[in-house]
Amino acid sequence: MKLTIFTKIVLVIFLLLVSTLLLYYLTNRSSVRLIKQEIQRVKLNELTFLAGDIDNNLSKVSSFSDFLVLDKDVRLLATPSFLEGDFELNKLKLRVSDKLNLLHALNNWNAEFMVIYDEDSSAFSSTSSSSKLSELYLETHFRPFWQYEQTGDGAYLTYYLAHPYTFRFDPEEVSYVVRAKIDTKNILAYLGRAKGTNDNSAILLSAAGDVLASDTEKLPFIHELTRRLEVGQEMSGNRLIKLDGEQYLVNFSALSNFKDWYIVDYTPISEVLNPIYANQRLYYFSSVFLLLFSILLALLLYRDVQIPIRKLLWGVRKITSGQYSITLRQESNDEFMYLFDRFNEMSKEIKELIERVYMEQIRSKEAKLRQLHSQIQPHFLYNSLAFIKSMTELDEKQAVIDMSISLSRYFRQTIKFENTYTTVRDELELVRLYLTIQSLQMDRFVFTIDVEEQLLDLQVPRLLLQPLAENAILHGIESLRMVGDIRITGHSNGEYCELIVADNGCGVEPGRIDTLRNAIYYGADANTAWALHNVYERMRALLGSEADMELANGDLGGLQVTLRWKYVREQEGSEI
């Protein structure tokens, strides 16, 4: 199917919009994916750094415990019997207490250091709290790493070292224990300070499912979020978890000094991508606006361009089909108005030109017909007068009377030649007079005229039948050795009218029929059937393009000429 200019423009606009949207969609999707990856990388790096900082602080506190367990004063206090008197003992206790207080002040998380001796000795602590060695449950709690403990007064991270300081622990051989204890509130406060501008602080999560978080209001949500976090054997990583219709980026990093514990943070993806989504919504809104604007532009193009072009094409097709009285109207003041005015002027000029050419052709045909008639009349009149002279000399008064009457009537009909049209009745009367005169002169043929009554008042061009009758006499009857017979018939089938002139002459050889037809239809030879060609051209010009002339050897044996044209009940004659 051939596309119009309007359709092509609409397709181009549509393809531009679709390609722009597709390009934006692909670019935006790639940008979002890269931003998510970058957020995952940055958040995981931040969390890994924070986990490393926690491990460093725990290592620092652990190193203080290592210092205490090996300190000579702490070790000497475990065997007070070697001291000389209570004064030396009190001095030693004071030095140990000073060291514990100093270590308590040096760490960032206010870790409490305690040295616990056997049942008969006192316990020394950096705070006012104290404990007994039997209360430590060394078999359960003694581990070579930090542990999480919950007591009645809170939750703590604890680290135990025993003396003797060996790799193998035996509760029966322990003389004293150094315990470092950090309140989890201090760690959570540190995590709260470390979150910076983030809305959510990091949390501590154990492999057993214990959660330490500073924001107690969000604990149910955090428990549900961490429950869906499957860490596995990874030391660090991140997960995208969807909860309550929101997608969260959850990062985790394992703590090396706090076994089976992880530091975890979570970030709603929407918080990071909201600016991108806002731009995306703005772009889609702009795209919808552009689409509506494109539709409006297409409608304007259709109204102001496509419709005028279609009108012009319609007008051109009408002119091509022969309808030259076409007038186009355009209610606008643009270039198409100018084109329509020029088209209407061109159509009018073409119509006038065709009418002039048409009338000129008719005048030319009529002039040729007048010339033919003027050539026929002197010879025809000379023969008729010669016949009258001969009949007079033979004293054939009746023949002279018949010839004179027929000749006068014939010339009375011919003086009406100034009219282009005549009726079938008058044309038949002219032919009857002509054949009567010819039969009086030749006395070798008879003729009959049988035309339906409904055809007699129809308008036809003048001298339509006489050239056919003359051809029948000259080329069909003259060479016969018997009486000739000319028959003129006419009838109508309701759609077409037919007038037939047939004779019983020798007819036309089959091989010459086509040559004769070409001479009649196309005027191929001016010396062949010129009169018939003239009749055919005048019929086409005055009775319509559907008028036709057929040649064939008829039932009488001679040539049969059939004139056919479309039946019109009322035709207006025109004068040339």
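This is a predicted model: local features need pLDDT of at least 70, side-chain atom pairs count only at pLDDT 80 or more; totals for chains, interfaces and linings use all residues.
Me: What share of the contacts comes from residues 24 or more positions apart?
Reply: Such residues account for 62% of the contacts in the chain with a separation of 6 or more, and contact here means heavy atoms within 4.5 Å.

Me: Let's turn to helices. At what angle do α1 and α7 pack?
Reply: Helix α1 (residues 5–70) and helix α7 (residues 269–320) pack at about 175° with their axes 10 Å apart; axes are lines fitted to C-alpha atoms, for helices over the stretch in contact, and angles run from 0 to 180 degrees between N-to-C directions. The two helices, α1 and α7, are therefore roughly antiparallel to each other, in a scheme where angles under 35 degrees count as roughly parallel, over 145 as roughly antiparallel, 65 to 115 as roughly perpendicular and the rest as oblique.

Me: Which residue classes are in that contact of α1 with α7?
Reply: By class, the contact of α1 with α7 has 23 nonpolar, seven polar and one charged residues. Ala, Val, Leu, Ile, Met, Phe, Trp, Tyr, Cys and Pro count as nonpolar, Asp, Glu, Lys and Arg as charged, and the others, Gly among them, as polar.

Me: How do α12 and α13 cross?
Reply: The axes of α12 (residues 510–522) and α13 (residues 530–543) come within 7 Å and cross at roughly 50°, and the two helices are therefore oblique to each other. The contact is made by A519, I520, Y521 and Y522 of α12 together with L532, H533, Y536 and E537 of α13, and these residues divide into six nonpolar, one polar and one charged.

Me: Is Y522 buried or exposed?
Reply: Y522, which is found in α12, is exposed, with a relative accessible area of 62%. The C-alpha atoms of Y522 and Y536, 14 residues apart along the chain, are separated by 9.8 Å.

Me: Now sheets. In what order do the strands of the five-stranded one stand?
Reply: The order is β12-β14-β15-β17-β16 in an open sheet with mixed pairing, and two strands pair if DSSP finds at least two bridges between them. Strands β12 (445–451) and β16 (548–553) stand at the edges with a single partner strand each, so one side of each is left without a neighbour in the sheet. The twist averages 10° from one strand to the next.

Me: How is β12 joined to β14?
Reply: Seven bridges join β12 to β14 (residues 484–492), and the two run parallel; the bridge partner of I449 in β14 is I488.

Me: Which helices lie across this sheet's strands?
Reply: Among them, α10 (residues 424–442) lies across β12 and β14, running at about 170° to β12, and α13 lies across β16 and β17 (559–566), running at about 145° to β16.

Me: What about β9, how many of its residues are buried?
Reply: Seven of the nine residues of β9 (residues 246–254) are buried, so the strand is largely enclosed by the rest of the structure. Strand β8 (residues 236–243) pairs with β9 in the antiparallel sense over eight bridges, with I241 opposite Y248, while seven bridges join β9 to β10 (residues 261–268), again antiparallel.

Methods:
Residues are numbered from 1 along each chain as its sequence is written. Side-chain values use heavy atoms; hydrogens and water are left out. Helices (H or I, at least four residues) and strands (E, at least two) are DSSP runs, numbered from the N terminus. Buried means under 20% relative accessible area, exposed over 50%, partly exposed in between (1.4 Å probe, protein chains only).
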